[in-house]
Amino acid sequence: MKPAPFVRHVPRSLDEALATLAQVAGEDGRILAGGQSLVPIMAFRLAKPAHLVDINEVEGLDKLTDDGKTLTIGARVRHAAFHKPVTANPLGALLAYVARHIAHYPIRMRGTFCGSLAHADPSSEWCLTAATLDAVMVAKSVNGTREIKAAEFFDGIMSTNLKEDELLAEVRLPLLPADAKFGFYEFSRRAGDFAMSASLVTYRLDGGKMIDARVGLGGAEASPRRIPEAEVELNGKTPGDTAFRAAGEAASAAIEPLEDHQTDAAYRRDLVKVVVRRALEHSLT
Amino acid sequence: MTDKQNITLTINGKDHAITVEPRRTLADAIREDCGQTGTHIGCEHGVCGACTVIVDGAPVRSCLMFAAQAEGKNIRTVEGLASGDTLHPMQQAFMDNHGLQCGFCTPGFLMLAVGVLEREPDISDEALIDVLSSNLCRCTGYQNIIKSVRAAAAEMRK
Amino acid sequence: MTAHTKGSGGDGMKWIGRSIRRLEDPALVQGRGRFTGDLPAAHWVRFVRSPNAAGKIKGVTAPGGAKVITAADLAGVKKITPMLHKFEYRPVGQPILADGEVRFVGEAVAAVVAASEEEAEDIADLVEIDIDDADPLVDSRAAIAAGARQIHAEAPGNVILKGEVKTAGFDDVWAGAAKIVKIDARSNRQNATPMEARAAHAAYDPVTGRVTLHCTTQMPHLMRTAIADCLGMPESDLRVVAPDVGGGFGQKMSLCTEYVLVTWLARHLKSSVAWTEDRRENLIASFHSRDQYITLEAAFDKDAKLLALRADVLSNVGAYSCFPTTSGVEPLMAMAEMPGPYDVQQYQCLARGALTNTCTMAAYRGVSRPVITFTLERLMDKAAKAFAIDPIDIRRKNLITTFPYKSATGLEYDEASYRETMEMAVEAIDVPAFRVQQQAARNKGEYLGIGFATFSERTGYGSPAFAARGMAITPGWETVHVTVDPSGFVEARIGSSPHGQGLRTTLAQIIAEEIGVTPGMIKVVHGDTDTAPYGWGTFASRSLVISGGATLIASRKIKAKLLKIAGHMLEAAETDIVLEDGKAKVAGTDREVTIAAMAREAYTQTHRFKGEIEPGLTESGTYDPPGTFSNACHVAIVRLDAETGHVKVERYLVAEDAGRIINPMIADGQVHGGVVQGIGNALLEEIVYDESGAILTANLADYMPPTAHEVPPIELHHMETPSTQSVTKAKGLGEGGTIGPPAAIVNAINDALTPFGVEIDTIPATPQRIRALLRNATNSALSRESGNPGGPT
């Protein structure tokens with residue numbers, strides 16, 4: 001299972017990378033970052049890009065900065081960078097907890113945060129994170145910079161609104177409120193497998209009631225997203241079994257479930273119910 | 001150019017000047033162009049881990065990197081674990097604890113375990129099992145692989 | 001955990017029963033193994049495989065200038081046609097490349113030859129196969145239904161073989177039963193998934209005209225015989241080498257069309273040609289196993305004593321018949337061994353193999369035994385429920401306790417410990433404590449379950465046993481040549497072909513014990529048909545018993561000769577001499593001579609023997625035993641997540657008896673590996689076809705062998721009932737680990753499901769299947785608790 005032939009370009013600067021991408025995009029040119037998702041599909045020859053723009057040498061794309069409001073993650077930042085919290089803000093602990101669920105250790109040594117977003121696998125943990133936290137994706141091309149909100153970024157299975165000549169140069173995650181709670185739960189068959197459903201939740205407490213609830217769901221539909229029907233079940237309620245169950249049921253009813261030979265619609269809905277509730281339970285620990 | 005290019009891979013401290021296409025994976029280059037066949041290929045899609053090597057201190061799946069990407073990096077394979085006639089504690093531990101049967105997945109496990117333990121010598125036992133679940137073995141049922149790695153970890157911490 | 005102390009081990013023996021380090025390991029841990037894919041070649045082959053499951057080939061179009069072989073180029077090359085002379089077997093032949101029609105997705109239609117693997121794959125992508133689609137038959141029941149399209153002209157109704165057995169008193173006993181219990185069991189398709197996929201490398205030697213074929217085989221000599229026959233070449237012109245092989249598990253026993261093609265090409269090109277199978281190919285087009293439907297009924301008397309069994313076994317054999325065992329390997333074994341470890345003398349069975357448009361079936365570790373054990377042990381649990389008695393008690397009433405025992409199918413069960421290993425397991429797992437835990441968990445809405453499996457494992461059987469099947473190729477015996485060279489170093493050449501089983505170490509231990517040298521002075525040589533005596537390879541838990549037996553026989557002859565030589569050199573009576581520590585010593589004196597000195601004498605001072613001893617020091621042993629049954633009891637404790645259907649194996653315990661154990665560490669390793677494959681079989685692994693005959697599980701993310709995370713520490717307990725049917729007293733145990741888990745784990749799942757009133761009799765017991773049962777559960781209060789909406793509180 002060897003990939004089809006391609007030309008590998010190795011730009012050293014962002015400008016060079018964008019210019020190269022502009023040249024080759026029309027001939028199925030793609031970005032090579034971590035390669036942990038792209039190379040397998042090339043091995044299966046499901047993708048036969050004629051050009052790869054290898055951004056691993058591009059200066060400036062390895063940015064990982066916290067300016068007090070936003071965590072900015074550059075295109076070359078790898079999953080392993082998040083193993084330990086990268087900020088004292090609760091977002092750091094959230095990303096560290098989620099990161100542990102991504103594939104396996106050696107994959108995390110190479111795979112990149114932005115690469116996962118651009119690849120847009122429905123069960124990607126970072127895609128779920130970006131969608132839940134309303135991240136902003138920063139796409140660059142020779143024509144300039146475009147900021148795309150997460151809710152508009154994901155466009156179906158393995159599909160985003162990135163144009164073929166755009167590089168996802170960085171993603172901006174808003175820091176969480178200092179008192180934010182978070183919870184995450186995913187279900188898969190074996191350790192490290194693709195999640196069959198996953199949920200990321202955050203909220204704050206005001207007078208003992210939940211406010212600003214975010215309930216994100218991944219692996220259950222073509223794209224990850226926040227489920228407003230579930231959030232409605234949480235806001236103004238006391239955290240606990242009743243509200244958590246209601247949120248799970250609401251999410252389960254609200255989705256257009258992905259189906260495959262392992263998971264029919266009924267089972268997917270079962271799982272959604274469970275992962276949302278358990279993510280909320282996790283937020284209490 | 002999809003044509004072959006000259007690159008140099010530094011494997012276990014030795015330079016190999018080779019000529020490969022851009023699409024040549026690191027795994028294939030190590031095995032065929034550099035003649036180090038200890039690294040094995042089990043799936044070519046990044047799941048089984050038989051091809052694990054250490055690149056610049058990180059255990060990675062060599063089937064998911066292109067050889068050209070590894071130029072200028074410090075690549076370590078199973079052939080470089082022993083120092084002359086003295087086996088690495090990980091190798092010795094696998095032999096002492098029957099951590100291998102057919103031996104095909106073994107180099108991948110050795111490099112995974114050595115790579116992770118060098119980065120995190122005090123890794124918890126639970127996290128160690130998590131790490132070992134990165135690679136597949138069909139012969140041992142993992143029992144003695146876990147035992148071997150635990151024994152080697154203790155030895156490496158000394 | 002009990003150590004290996006019970007039984008015969010350790011009674012004054014120096015090497016037998018010791019867990020010495022493996023002689024195989026130093027090379028392997030340094031990456032110095034030599035696997036087939038490690039060899040360079042001038043030409044590389046990539047197969048173009050059928051995208052359709054069935055249909056006539058209208059044409060194959062290749063890019064200009066490419067070297068592409070099709071069936072038209074292979075006139076004169078025979079099809080692979082294994083043969084069975086019984087059971088209404090219909091011989092079907094598999095052409096080396098599909099000829100005129102395709103019969104399964106993945107069937108090789110063309111072979112591209114190029115200078116590199118990449119190039120071959122690039123060209124293969126451009127080869128077009130034009131097929132006139134026919135409706136494929138994927139499920140075995142559909143294939144044998146009236147009116148189904150015929151897949152092979154030779155096999156009407158798509159039934160490739162039919163075995164029937166019925167004991168004389170069956171009808172009367174059945175009619176008199178107090179209770180009949182029934183199970184419809186479903187075992188889904190497995191792929192053995194060795195970490196090394198298949199590979200072949202053939203090199204033509206222009207000087208001798210011979211070809212050396214390195215390939216990933218468990219049976220090098222038979223590959224030589226069969227490939228030479230297919231190609232119509234003298235067998236002496238072919239050398240087959242099984243180098244280091246990365247796991248086989250039965251998948252690498254059978255003759256592959258690919259090996260024939262690569263050998264043919266080497267002769268055609270007069271060069272070296274190689275093929276390495278990729279993982280997708282292995283999942284789609286190597287060999288599959290265990291796709292079976294079994295309906296089993298049992299008749300009991302009012303006291304739950306088993307009186308009779310009636311079985312209907314339908315095995316999906318795929319599109320062709322595997323060589324040498326034929327498609328009979330699964331259904332006929334199921335028929336012969338269904339009664340398992342239970343005392344039951346009335347038996348009726350219908351066993352059929354159904355041809356379908358799917359990948360060919362071949363043996364996978366345990367073959368049918370995991371499936372029949374699953375079926376029978378599920379049935380025993382159902383029977384226990386029907387009689388309202390403990391599942392252990394129903395087994396106590398019915399396990400064989402008197403030996404030798406002749407089964408209803410004529411199998412002779414030798415001394416074993418079916419009851420004893422079960423009692424050992426029961427005590428070790430502490431069932432009463434578990435039941436307390438289980439109830440406490442239920443009160444919290446958590447579901448634990450415990451399940452048992454007791455079974456026999458047929459091992460070490462030679463040609464008489466294989467002959468019962470009527471195979472044209474009847475394997476079974478083994479020959480070993482043991483030679484001591486003039487330096488005193490020992491070499492044993494064997495016909496078995498180990499690939500992870502540690503035979504280089506265990507056979508050295510047997511030799512060491514007999515003639516008093518250390519294992520480090522002994523080299524076991526195997527795998528190369530030019531140097532190894534003709535043998536049958538390694539499979540069916542046979543090598544330690546049969547090659548071990550032959551090794552012991554040869555070693556005893558070496559010992560006898562050494563004693564004679566020592567007697568000469570030390571001028572003592574042979575009865576006063578012992579061999580130990582590399583020397584011959586006269587008991588009670590300090591007179592001794594080294595084995596090295598004796599060996600030198602045997603080659604270079606033979607005139608001193610005055611014709612009483614033949615020169616040289618090489619002896620042979622051949623062994624062909626009837627077979628010997630190992631046994632074990634497996635126990636699984638599972639935690640069922642009723643909301644997701646996920647099952648976690650929390651504890652797994654094995655109480656096993658494989659006779660005398662030569663190397664406990666190696667023996668345990670075999671059990672570990674088997675158990676984990678069994679866990680995969682029970683919970684995770686399934687080759688899934690859609691209705692068009694395409695495989696949906698063609699990568700290792702979709703076909704799911706277990707990782708370290710899915711496996712608990714496996715607790716092993718041992719007994720040693722020395723075999724009366726094996727000259728080393730060892731029994732085989734390579735497959736035992738795989739036989740118990742589906743039964744133990746699914747029994748445990750069903751135990752956990754008790755409050756819900758549903759049962760599962762399908763493997764793998766996937767979360768989706770379990771959730772579907774729970775969603776439809778009639779006990780609505782509990783099902784609501786498990787996540788279903790609505791229902792009364």
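The radius of gyration used here is taken over C-alpha atoms, and the globule rule sets it at 2.2 Å times the number of residues to the power 0.38. For the 793 residues of chain C, that rule puts a compact globule near 28 Å, and chain C comes out at 28 Å, so the two agree. All of this rests on a predicted model.

Chain C is built from 21 helices and 29 strands. Its C-alpha atoms take up a box of roughly 95 × 75 × 50 Å along the principal axes. Buried residues account for 66% of the 793 residues in chain C.

Chain A can be described in the same terms. Here the count is 10 helices and 12 strands. With 285 residues, a compact globule would come in near 19 Å, and chain A has a radius of gyration of 19 Å, which agrees. The box around the C-alpha atoms of chain A is roughly 55 × 45 × 30 Å, and 60% of the 285 residues are buried. Of the contacts in chain A with a separation of 6 or more, 62% involve residues 24 or more positions apart. The accessible surface of chain A is about 10,400 Å², and 49% of it belongs to carbon and sulfur atoms. Chain A has 34 positive and 37 negative side chains, with 4 Å between the centres of the two sets.

Back in chain C, a few spots in the backbone deserve a look. Most residues other than glycine have a negative phi, and most peptide bonds are trans. A cis peptide bond, with omega about 10°, joins F323(C) and P324(C); P324(C) belongs to the loop between β14 (306-318) and α8 (329-337). Another cis bond connects F403(C) to P404(C), with omega about -5°, and P404(C) falls in the loop between α10 (391-398) and β16 (405-406).

Positive phi values turn up too. T193(C), though not a glycine, has a phi of about 50°. This residue lies in the loop between β8 (179-187) and β9 (199-204), and its relative accessibility of 1% makes T193(C) buried. F249(C) is likewise not a glycine, yet its phi is about 60°. F249(C) sits in the loop between β11 (238-241) and α6 (257-269) and, at 12% relative accessibility, counts as buried.

G451(C) is found in strand β18 (residues 447-459) and is buried, with a relative accessible area of 1%. Leaving aside residues up to four places away in sequence, G451(C) touches H634(C), V635(C), A636(C), A744(C), N747(C) and A748(C). Its C-alpha is 13 Å from that of P432(C), a residue 19 positions away in sequence.

Finally, the cysteines: the structure holds 0 disulfides over all chains. C51(B) is in no disulfide, and the nearest cysteine sulfur, in C63(B), is 3.7 Å away. A disulfide needs the two sulfur atoms within 2.5 Å. C51(B) is buried, at 4% relative accessibility. For C359(C), the closest cysteine sulfur is that of C256(C), 10 Å away and too far for a bond; C359(C) is also buried, at 1% relative accessibility.

Note on methods: Residues numbered from 1 in each chain as written. Chains lettered and ligands numbered in written order. Predicted model: local features only at pLDDT ≥ 70, side-chain atom pairs only at ≥ 80, totals over all residues. Heavy atoms only, no water. Helix = DSSP H or I, 4+ residues; strand = E, 2+ residues; numbered from the N terminus. Buried < 20%, exposed > 50% of the residue type's maximum accessible area, 1.4 Å probe, protein only. Contact = heavy atoms within 4.5 Å. Areas by Shrake-Rupley, 256 points an atom, 1.4 Å probe, with all protein chains shown as cover. Lys, Arg positive; Asp, Glu negative; His and termini not counted. Charge placed at Lys NZ, Arg CZ, Asp CG, Glu CD.
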